[in-house]
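Thanks for making the time this morning. I would like to walk through a few local features of one model, and I will give the cut-offs as we go.

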Amino acid sequence: KSIRSIDAEKWVVIAGDRWSSAFHWPSYNTQLVKDAWMRDPNNNLMFEAHLYFDKDYSGYYTNRYEKYDPMIGVVRAKPFVEWLNRYRLRGFIGEHGAPDFSPSAVVAMDNMLKYLGQHCIPSTYWAAGPWWGDYALSLDVKSGKPRPQLPILQKHAANKPSRRRRIIPGPTPPHLFHRAGDGSRFDPRHPRASPSGVHRDQ
């Protein structure tokens, strides 16, 4: 509301409660439906969810031997996607990632990105950049070892936007965003505490 008092045009990105979990989004973000300001006059709001495949939804992937159902990403994305469609809102997956040591997680990511593409939901991968060392989710590691996640991301980044985007009216987002805080806990020790990623534009 404070942002709109000084700027009625730029986009506002809104993250959700419970660490923006896509799977838990409808249960933990009911206030976003109740608040009148969710209906921005120019429809310049973008809701951001996060999605990981591990048991606790955290993205830590502490169990290297965990096997993932190939459709787990679709299952976890679906509540958020359906929420957006139900209320005719825009959104994207602002964080998702698969560890390099898990072929089943990479398959799940492939299926999830296909599903998101079908519904014209863009996504941002976690993570990339030269300072990640050999972090299992990173696309850029010092050792130079193969990154099994990268071909999947490149495949889906090359896809044409879905025509279904027209069901959510409004202008194309500009490159500059204001970001609204989500009130969730910030832990600087977390390996995902500083954002970077590979972006797929809508």
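**Backbone, rings and a helix contact**

Let me begin with C120, which is placed in the loop between α5 and β4, where helices (H or I, at least four residues) and strands (E, at least two) are DSSP runs numbered from the N terminus. Phi of C120 is near 55°, a positive value in a residue other than glycine, and C120 is buried, with a relative accessible area of 8%; buried means under 20% relative accessible area, exposed over 50%, and partly exposed in between, with a 1.4 Å probe and protein chains only.

Before going further, please keep in mind that this is a predicted model, in which local features need pLDDT of at least 70 and side-chain atom pairs count only at pLDDT 80 or more, while totals for chains, interfaces and linings use all residues. Residues are numbered from 1 along each chain as its sequence is written, and side-chain values use heavy atoms, with hydrogens and water left out.

R18, in the loop between β1 (11–15) and α2, also has a positive phi, of about 55°, although it is not a glycine. R18 is partly exposed, with a relative accessible area of 26%. Its charged end sits over the ring of Y28, 5.8 Å from the centre, and R18 lies over the face of Y57 at 5.6 Å from the ring centre; the criterion is NZ of Lys or CZ of Arg within 6 Å of the ring centre and within 35 degrees of the ring normal.

Turning to the rings, the structure holds twelve aromatic pairs, where rings of Phe, Tyr and Trp (its six-membered ring) pair if their centres lie within 6.5 Å, and planes under 30 degrees apart count as stacked, over 60 as edge-to-face and the rest as tilted. W25 and W83 form an edge-to-face pair, 5.6 Å centre to centre with 65° between the planes, and this pair links W25 in helix α2 (residues 25–28) to W83 in helix α4 (residues 72–87), 58 residues apart. Both W25 and W83 are buried, and ring pairs link W25, F47, F80, W83 and Y87 into a cluster.

W126 and W132 form an edge-to-face pair, at 5.7 Å centre to centre and 75° between the planes, and both are buried. W126 is also joined to A127 by a cis peptide bond, with omega about 15°, and A127 lies in the loop between β4 (123–125) and α6.
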